[in-house]
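Subject: Structure handover

Hello,

Here is the structure I promised. My notes on its side-chain contacts follow below.

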Amino acid sequence: PIAGDQNRFPSVRYLLTDGNRLLGTGSWETSGADSLGKNSRIWFTPVLGSADRGDDERIPNTTTQKNWIDLNENDGGFNTGLGGPLNGVPYAFKYRQVWKLRPTGDVSTPYLPRKMRDDIGCVAHKTIALGEDAQGQPALYFLSHRGPYRVTSDGDVQYLGRDNEDIWRAMNLAATTVVAHSTFYPDLHQWWLWIATGANNTPDTKMMFDVQRGFPDENGQIRGGWAEHTGPSAAAY
């Protein structure tokens, strides 16, 4: 093979598939090629079947092809997760940025990154959940340092936390074990979100958003639909 065509996949923290490729970001390494200096880079594999040899395990780095995207290193924090694909589009999150990776159809440059927000991002990869909205259209939910948001099928970023901002302000973003995590429960049309508050280093509060009870106000913010669950399950982490 051409030199650099069979480079191994880095030791990424977060993985996503768009159906044809693997995407990865973040790093477990503290030195070398996979060091923390690459925390704004997204690697992607070739399309499955393009060489029939490790297409889901290699990152080409040749003179003509480099399978990665850099999302403004040292701007907006580091990459915190990947989500989607939403209507075929993967999304990348930094701590204070949201990026849309629009497919191009070009084999050598398959994604065109577009920054959607540079004031909010995602605090933890495990808070990202693919679900639906009140109309049954796909939506991508995530938790920012300011509270819960979602990306709609139209590509809009909607704020969901106006009705309970006291809870989101109480989040312990410095929790040493688990800051937050979530899951979407499709049979109930609900997004369940666990967060650590106060001095807790693991979640102690469980919030439930019923997507069919939340509706936009005149400012485009989603109001209603929230309930707080109590009991042992609120401490799940």
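F209 is buried, at 0% relative accessibility (buried means under 20% relative accessible area, exposed over 50%, partly exposed in between; 1.4 Å probe, protein chains only). This is a predicted model, so local features need pLDDT of at least 70, side-chain atom pairs count only at pLDDT 80 or more, and totals for chains, interfaces and linings use all residues. Residues are numbered from 1 along each chain as its sequence is written, and side-chain values use heavy atoms, with hydrogens and water left out.

Aromatic pairs

F209 pairs with W226. The two rings are tilted, 5.1 Å centre to centre, with 40° between the planes. (Rings of Phe, Tyr and Trp, the last by its six-membered ring, pair if their centres lie within 6.5 Å; planes under 30 degrees apart count as stacked, over 60 as edge-to-face and the rest as tilted.) F209 sits in strand β15 (residues 205-210) and W226 in strand β18 (residues 226-229), so the contact ties together parts 17 residues apart in sequence. (Helices, H or I of at least four residues, and strands, E of at least two, are DSSP runs numbered from the N terminus.) W226 is buried too, at 16%.

Y149 is buried at 3%, and Y159 is buried at 10%.

Charge over a ring

The charged end of K206 sits over the ring of W192, 4.1 Å from its centre. (The rule: NZ of Lys or CZ of Arg within 6 Å of the ring centre and within 35 degrees of the ring normal.)

Salt bridges

How many salt bridges does a search of the whole structure find? There are 9. (Each is a side-chain nitrogen of Lys or Arg within 4 Å of a carboxyl oxygen of Asp or Glu.)

R117, D119 and R146 are linked in a network. R117 meets D119 at 2.8 Å, N to O. D119 is partly exposed at 30%. R146 meets D119 at 3.5 Å. R146 is partly exposed at 40%.

R223 bridges to D163 at 2.6 Å. R223 is in strand β17 (residues 222-223) and D163 in the loop between β12 and α1 (165-169), so this bridge ties together parts 60 residues apart in sequence. Both are partly exposed, R223 at 34% and D163 at 38%.

Best wishes
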